[in-house]
Amino acid sequence: MMKISRTLSFILLCFIALGSFSSCEKAGTELSDLMIIQGIGIDVTNSGYKVTVEILNNEQSGSPSGDSSAENKTKIYNATGESVASALMKLTTKSGNKPFYAQNRVIVLGETTAQRNMGDVLDFFERNYDSRASQLLCVAKGGKAEEVIRAKLLNDTVKSKILEKMLESSYEQSLVPRVRIIDAVNTMKDDTTFLCVPAVSVQKNGENQDFSLDGCALFDKDASFCMYLSSGDAQGLAFLDNNIREGFISADLPNGQKATFVLVKGKTHYKILKENGRLHYKLNIDVVCDLEEVGGADFFSTDDDFMEKIKSAAGAKIAKTAENTIIALQSEHGGDGVRYGRRLYLYDNKEYEKLKNNWDKEFKNSITSLSVNVTIRRIGEETFHSKK
């Protein structure tokens, strides 16, 4: 009898829990009374901030007819205010519904907004009760955030969902960092680390438009905009910051042709030395990859000598990519976007405490040396080692 009673109590608790999560917001709030935001663009105007939001069309979502045209799936609204918070609150006067941020996917900062202090722009999203810490952040390079939110895409779907997928996919391909609100806030609280935010642009595609990844925007430890990193330099961040996931590289071969490699996994090992008053970061990058394509007369060759040349070419390309990124970060307007300061903190806390107040100078004066070890897992249908 006691066992049956416990079972009934457990079932009752499950029903109570399900009931508590069955509503998006407060009890009694109807879906049609909410402005369910999918994407937010923030631009600076003469009077403050202009926000442009993409919201789900509640009428279309609940329509039995299921009209699937993109213009019926979402709606676009904008409003202006002296602050980001006031501009977003004014959206209620446009639709009559209360903004709901819990399902927002991306926040896009316009070019002029990126020039402002990042902390001021993101403060609302850190404090708001409904706002999720996992919202992705990007910068509209050379344009307005409104242009990104209003892009006329060929695909009939939620634009912010496509942008979110592009940013996530680019991160998985080791092309750019993934920057969520929580990542940005934590980085801005760090005494030495600069924030690297993916940059996007809108490109014309016939009568339509496409989103295009365009490197990264670099913000200093005070959350002020510094410079843009090119797409190649942005890829180098993954190798330097031990964030190698998947992706591909294309390397030049001795015969003048190219080989393309698919990255499978990678690991960057650090050793930090102090030499002649300068920090020396010695990086050993281990990469496992598959050989995807080889050009030239030797494209069928699998002998050891040729495969060593292939591995050497891949290693040289990775090293060059990482070196170019360091050069860009150590330039006049750059800074520590690869967490060298944080690594010193973990490696030698006493040395870090001595140097952190003058870290910009220490970072730009530091030396980086790299060695790359490439393992080719597959050369086609069979593994390279199975040929031996």
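Start with the cysteines: this predicted model holds 0 disulfides, a disulfide being a pair of cysteine sulfur atoms within 2.5 Å. Select Cys-138, which is buried with a relative accessible area of 0%. Then pick Cys-289, also buried, at 1%. Buried here means under 20% relative accessible area, with exposed being over 50% and partly exposed in between (1.4 Å probe, protein chains only).

A quick note before moving on: residues are numbered from 1 along each chain as its sequence is written. As the model is predicted, local features need pLDDT of at least 70, side-chain atom pairs count only at pLDDT 80 or more, and totals for chains, interfaces and linings use all residues, while side-chain values use heavy atoms, leaving out hydrogens and water.

Next, select residues 225-229, strand S9. How many of its residues are buried? The count is 5 of the 5, so S9 is largely enclosed by the rest of the structure. Strands (E, at least two residues) and helices (H or I, at least four) are DSSP runs, numbered from the N terminus.

Find Phe-219 and look across to Phe-225 in S9, which stands opposite. Between the strands of this hairpin lie 5 residues, and Ala-223 has a positive phi near 70 degrees.

Finally, zoom out to the whole protein. You'll have 15 helices and 13 strands on screen. Of the 388 residues, 45% count as buried.

Technical notes. Pairing = 2+ DSSP bridges.
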